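Here is a short briefing on one protein model. Keep the sequence and the 3D view open as you read.

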Amino acid sequence: MPKSLTRRALLVTGTAVAGTTAFGLVAGVGYLQSVDMDGPPPSATPGGIVQLNAYVAISPSGHVTIAIPRTEMGQGVFTGLAQLVAEELEVDLLGGQVTVAHPVDLLPVYANHALALDLRPEEAKGPLAWAGKRAAASLPVIVTGGSASMVDGWIGLRQAGAAARTLLLEAGAILMGVKPEECIARSGAVVHQPSGRSMGYGELGPLAATRSPPADPPLKPPEAWHTAGRSIPRLDVPAKVEGTARFGIDITLPGMLYAALAQPPSLGATVTDVRDEAARAVPGVTDIANLGTCVAVVAESWWRARQGAEKLEIDWAEPFRDFSSEAAERALDAGLKRLDGIVVNQAGEMRPVMSSTRVVEADYATPYVTHACMEPMNCTVLWRDDGDVEVWCPTQSPTLLERGVSRGAELAGRSFGNVITHITYAGGAFGRRTELDEVVQATAIAARQPGRPVKLIWTREQDIRNGYVRTAARSRFQAALRPDGLPHSWWNRIAAQSLTAAYASRNLPLSPSGADDRFSHEGAADLPYAVPNRRVELVDVAGPMPVGFWRSNGYANNVFFTECFLDECAHAAKQDPLAYRRRLLTHDPVALRVLDRLEQASGWSTELPPGPEGTRRGRGIAYRASFRSAVGQVAEVTVAADGTVKVDRVVCVIDCGRPINPDLIAQQMEGAVLWGLSTALLDRVTVRDGGVEQSNFHDYPLLDLARSPAIEVVVLDSAEPPGGVGEPGVPPAAPALCNAIFAATGVRVRSLPVDTSLLAVRDRAV
């Protein structure tokens, strides 16, 4: 077992143990080559569809289907990744010639090597990387998350398009009786340049499918691109606007039954007795299933199922009935005083320096927060008469979905054949849909209704009360400043519940230690600033809260802590916060480029105009590189006399390598800023009598349009390979906001969400 179980290792190791079903898919599919491009050999189906490789299929009419094995959950992955394939294939993404879809077959080539190995696939070389790639592909670890989709697909998807283009060019030259070098591919056709003759891809597909794909197809240089690198409109938007897009919640099948749940009233509760006479009397109720941790009611409609669930009388064993937010906070506070943590980063000497220089000290805190996906959890399962299990689900991982089916079948006491997955659009995910709960439940329920599909739907209240949370955390700092004001030493102790241990215990056959959990210290242990003496410690505070993956994970907590504390150091040194960061990042040209552009775009050096009478205004900054991208943000706020905070403007600068679709990147930054500000200003999950107190958007609000700031995004150009964009925009949002609040009020916010009562003007002068 790895000493530090990363998300990558967690998924690889967990599915390696769990993937008995997936191993069967390896046979006959291919052997993983150095560039991970093997899929099924080119072939033609009885319907005339030609499959040129794992990503490209062409119909007789020339319509192209591009397989994107990542879940479209609002981040635009169906567009950005498809641009890479279309660019090399020479087809027009817009205009109806191309369809993008999540593939049903779980081929090894679809494994997410970047997420599994924390390496770009094309850069993973050597025996260890080779073995890791084999493991990731042979399981296969197909998952969407960690801002890894573009990183993983950057070379592989281009090669898929280029290989298909090469086959079509060869077929065109043969059928037209001309030399291949005289032909070009253009807009879904092969053109013989000297004569002007052309043949469409639909005509060429059958012959192209008989030829051997090139091992190393030439890729177009970026300067020749006309589809990639451009802000083309998102392909998924028209269907979503028209209402024809199919999310998991939209699945409707002939003969379908519906299932609703009676969920536990407190953490870890289990069913001890069920009295279901009243539920069975509800018209349309067909079955009631005790699943141990919940009770399912099956009916001809979800409304009837829900009515039945509400009439159940259940006795529960509640092992954590006494647990509360206050107990969790006491445990975390105690964790800051414990000396049994582990050192996750150490450089230089600490004690002599700490005792001989001026020291800045502070404690910070963050609460539990949840995902609050717009589309509630759902899963539809058909236990077919042939023993195969067919599943429709907005999951982030069909690999994990298969494990959920396996566990659901085990719960139902049944064996099954193959798993056929249909991955739908997801109405928000943010890590929530890497969990297996709804798949396990739906499979176990459907096993009792063979031949009829069953759609399980959680209510939003159930998702917020019975779902998963980002861990709460505490962070204690001491920094010693040199005479020039820069920190000469940096000591930081973090207390948090391990995400790795909690997630694995629920979803994988593993029991890893939480002592060295990367998700608890990422964003802190990898401090980007040049501090010669530093020590970062982690204390694992075990607890019953179901902590899980959440957008940007540990970075969200730790970047708030570190960027606000660094601001405290700058203030103590009486230095400009942006210039202070620049002085500590002289070794990092990417960071300096982001800060320079941020200073210019935000007007950092200019004075903020005053707000309405009685208000205070301020501007704050935060910077962080994460998920292979560097992001800086400046927030401007107006604080009213009663402490109300209005975020007026956020300027965000991102260097994510070569931008494939700048508009998509900007949209991700905008969403990340709003996500981060919502968490900083509004969101907190609290526990009373062992149960989550919040239930829906009325008591777990998101930042609405009226409270949203103007957001300006600058996407820097770069020739470097693309980095991630789904998550790195979140971490700087909260510290930029809180540093702006300090600039406006002189009050340092060290705990989230922002307590506006502390910002109210009482006896302090405005």
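Strands here are DSSP runs of at least two residues, numbered from the N terminus. By that numbering, Val271 belongs to strand 10, residues 270-275. The model is predicted.

**Aromatic pairs**

- The structure holds 16 aromatic pairs.
- Tyr364 and Phe560 form an edge-to-face pair, because their ring planes stand at 85°, with the centres 5.7 Å apart, and planes over 60 degrees apart count as edge-to-face.
- Tyr364 is in strand 15 (residues 358-366) and Phe560 is in helix 18 (residues 554-572), so this pair ties together parts 196 residues apart in sequence.
- Tyr364 counts as buried, at 1% relative accessibility.
- Phe560 is also buried, with a relative accessible area of 0%.
- Phe430 and Trp675 make a tilted pair, with 4.2 Å between centres and 40° between planes.
- Phe430 sits in the loop between strand 19 (419-423) and helix 14 (437-446), while Trp675 is in helix 21 (residues 662-681), so the pair ties together parts 245 residues apart in sequence.
- The relative accessible area of Phe430 is 24%, so Phe430 is partly exposed.
- Trp675 is buried, at 14% relative accessible area.
- Ring pairs also join Tyr364, Phe477, Trp490, Phe560, Phe561 and Phe565 into a cluster.

**Charges over rings**

- Arg470 places its charged end over the ring of Trp550, 4.7 Å from the ring centre.

**Nonpolar cores**

- In soluble globular proteins, nonpolar side chains tend to be buried together.
- The largest nonpolar core in this model has 62 residues.
- Within that core, Phe565, Tyr580, Val637, Leu737 and Val754 have the most contacts.
- Beyond residues up to four places away in sequence, Phe565 touches Val360, Glu361, Ala362, Tyr364, Phe477, Gln478, Ala479 and Trp490.
- Another core, of 55 residues, lies apart from the largest one. Its members include Tyr55, Ala67, Met176 and Tyr425.

**Gln633**

- Gln633 lies in strand 26 (residues 629-639).
- With a relative accessible area of 1%, Gln633 is buried.

**Val271**

- Is Val271 buried or exposed? Val271 counts as buried, at 14% relative accessibility.
- The C-alpha atoms of Val271 and Leu291 are 8.2 Å apart, although the two residues are separated by 20 residues along the chain.
- Not counting residues up to four places away in sequence, Val271 touches Asn290, Gly292, Thr293, Cys294, Val295, Ile314, Asp315 and Trp316.

**Strand pairing**

- Strand 3 (residues 56-58) pairs with strand 4 (residues 64-67) in the antiparallel sense, over 3 bridges.
- Ala57 has Thr65 in strand 4 as its bridge partner.
- These two strands form a hairpin with 5 residues between them. In the turn, Gly62 has a positive phi of about 95°.
- Strand 4 also pairs with strand 5 (residues 98-101), in the parallel sense and over 4 bridges.
- Thr65 has Thr99 in strand 5 as its bridge partner.

**Backbone geometry**

- Which form does the peptide bond from Leu752 to Pro753 take, cis or trans? That bond is cis, with omega near -5°.
- Pro753 is in the segment after helix 22 (733-745).
- Ala372 has phi near 50°, a positive value in a residue other than glycine.
- The loop between strand 16 (369-370) and strand 17 (378-383) holds Ala372. Ala372 is buried, with a relative accessible area of 6%.
- Arg628 is a residue other than glycine with a positive phi, near 70°.
- Arg628 lies in the loop between strand 25 (616-626) and strand 26. At 30% relative accessibility, Arg628 counts as partly exposed.

Technical notes:
Residues numbered from 1 in each chain as written. Predicted model: local features only at pLDDT ≥ 70, side-chain atom pairs only at ≥ 80, totals over all residues. Heavy atoms only, no water. Phe/Tyr/Trp six-rings, centres within 6.5 Å; stacked < 30°, edge-to-face > 60°. Buried < 20%, exposed > 50% of the residue type's maximum accessible area, 1.4 Å probe, protein only. Lys NZ or Arg CZ within 6 Å of the ring centre and 35° of its normal. Contact = heavy atoms within 4.5 Å. Core = buried A, V, L, I, M, F, W, Y, C linked by side-chain atoms within 4.5 Å. Pairing = 2+ DSSP bridges.
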